[in-house]
Amino acid sequence: MSTEATEVVEQGVRRPPPEERSRTERTLALDPAAPLRRISIELERRCNLACLYCYTSATADYRGGLDEEEVRFVVREAVACGARAISVVAGGEALLRRTLLEPGESCLDYANALGAYTYLYTNATLVTERAARFLAARDVTVVGKLNSLKEDVQDALAGVPGSARLMRRGIDELLRAGLADDTPSRLGLETIICRQNYDELPDMWRFMRRHHIVPEVEIATDHGRAAANRSELYFAPAEAPQKYQALFEELLRIDRSEFGFDWVPQPPFAAGSCQLHFGNVYVNDRGGVQPCAGIDVPYGYLRVGTHAADGQSLRAIVTGTEVMRMRNVRENIEGACRSCELRDSCYGCRAAAHHALGDRFAADPTCWRAERARRRLPLLRVVP
Ligand code: SF4
Ligand code: SF4
């Protein structure tokens with residue numbers, strides 16, 4: 001643990017941001033020995049936006065994805081493996097699915113009926129008053145999208161003129177429907193950190209905190225359309241860790257001085273850390289079971305779609321050797337992350353290591369602590 005974190009805990013003043021507590025509680029498995037706590041399900045890769053950083057390269061004319069019965073099948077298998085949180089992510093925009101907002105037909109209703117809490121990721125452009133009320137009445141946390149408070153910047157990042165206004169309208173509807181009234185809040189907004197929004201992220205952070213919205217401000221993973229637009233979106237690798245460090249420290253200063261929250265800055269989320277590899281897997285739109293959204297190499301395929309005949313059960317996949325290796329990420333991590341003082345609370349972003357170095361257990365290349373450690377140590381080998 002860092003000196004900073006130790007001091008805060010010893011003085012007894014650490015007050016974690018509310019989202020830290022709520023996420024942990026809601027993703028606890030009923031049976032701690034169960035192979036799964038949570039699952040993310042990608043419905044399809046169709047989207048009404050064309051974000052420059054989209055990790056699935058979603059398009060408006062995409063065809064395919066999991067059908068309704070396949071989604072239910074995955075939900076059932078996940079619950080049977082112990083999952084108590086179902087995250088509906090869509091590789092594109094989930095609300096393009098007509099059934100998602102139909103009582104009784106919605107996969108949210110289906111998961112709730114099986115005793116699972118749900119998360120819905122949406123770009124919010126299609127959230128009407130009716131949609132917001134429907135969601136407010138379910139056992140769901142909605143995570144919308146907000147990359148910028150400036151219309152021109154948001155439209156450019158979303159790749160579709162007019163999307164900023166639709167997003168803000170959708171967020172307003174979710175606020176009006178009361179999703180942020182609960183404690184912990186059931187409304188989050190996520191954004192990547194990029195050149196275009198870097199300077200306004202402190203203001204966006206304040207906007208979210210003041211509206212009781214959970215901020216998901218994260219370092220993006222470098223794949224899909226993000227890789228194609230890398231130089232336009234991201235800082236060069238040599239300066240990126242310091243830019244992230246400066247931003248996270250400024251957001252922490254705001255949280256401490258204006259909102260009374262304390263946390264330890266570490267990648268890839270401000271005021272949080274990735275915990276998903278301890279109990280989550282990500283099912284893509286072809287039934288491939290990936291470690292997470294960022295690591296797009298499936299462990300195996302479920303018995304759906306083109307793999308209906310040769311696929312595996314979810315239980316067989318999540319109890320396999322490779323998944324177990326990832327569950328023990330702390331024991332298997334390498335480089336600066338292995339010797340890091342924050343190793344007990346952080347493993348960085350495994351997808352960042354996977355895409356930059358071809359090794360999901362390597363040190364997170366976006367981390368300023370890892371960068372410091374690299375500079376202190378002699379370089380003993382060259383990573384190809
Ligand atoms: S070096 Fe690794 S474990 Fe340490 S803070 Fe950075 S990402 Fe987390
Ligand atoms: S490893 Fe990175 S991309 Fe994967 S779930 Fe964690 S934060 Fe997201």
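Reader: What stands opposite I39 in β2?
Author: I39 stands opposite I86. This is a predicted model, in which local features need pLDDT of at least 70 and side-chain atom pairs count only at pLDDT 80 or more, while totals for chains, interfaces and linings use all residues. Residues are numbered from 1 along each chain as its sequence is written, chains are lettered from A and ligands numbered from 1 in the order in which they are written, and side-chain values use heavy atoms, with hydrogens and water left out.

Reader: What makes a run of residues a helix or a strand?
Author: Both are DSSP runs, numbered from the N terminus: a helix is H or I with at least four residues, a strand is E with at least two.

Reader: Why is the crossover from β2 to β3 called right-handed?
Author: The word applies if, with the strands pointing away from the viewer, the path from the first strand over the helix to the second runs clockwise. The chain goes from β2 through helix α4 (residues 107-113) to β3, and this crossover is right-handed. β1, helix α3 (residues 68-80) and β2 also make a right-handed β-α-β unit.

Reader: Which way do the residues of β2 point, and are they buried or exposed?
Author: In β2 (residues 85-88), A85 and S87 point one way, I86 and V88 the other, and all are buried. Buried means under 20% relative accessible area, exposed over 50%, and partly exposed in between (1.4 Å probe, protein chains only). In a regular strand the side chains alternate between the two faces of the sheet.

Reader: Why is S57 called partly exposed?
Author: Its relative accessibility is 31%, so S57 counts as partly exposed. S57 is in the loop between β1 and α3, and has a positive phi of about 55° although it is not a glycine. H212, with a relative accessible area of 29%, is likewise partly exposed. Phi of H212 is near 60°.

Reader: What makes a nonpolar core, and how many residues has the largest one?
Author: A nonpolar core is a set of buried Ala, Val, Leu, Ile, Met, Phe, Trp, Tyr and Cys residues joined through side-chain atoms within 4.5 Å. The largest has 93 residues, and those with the most contacts inside it include I39, I86 and I193. Helix α11 (residues 240-259) gives the largest share, eight residues. A second, separate core of 17 residues includes C51 and C194.

Reader: What surrounds ligand 1?
Author: The surrounding residues include P267, C337, C340, D364 and R369; a residue is near a molecule if one of its heavy atoms lies within 4 Å of it. The shell around ligand 1 divides into seven nonpolar, one polar and two charged residues. Here Ala, Val, Leu, Ile, Met, Phe, Trp, Tyr, Cys and Pro count as nonpolar, Asp, Glu, Lys and Arg as charged, and the others, Gly among them, as polar.

Reader: Which kind of peptide bond joins P267 and P268?
Author: The bond is cis, with omega about 5°. P268 lies in the loop between α11 and β7 (280-283).

Definitions and conventions. Two strands pair if DSSP finds at least two bridges between them.
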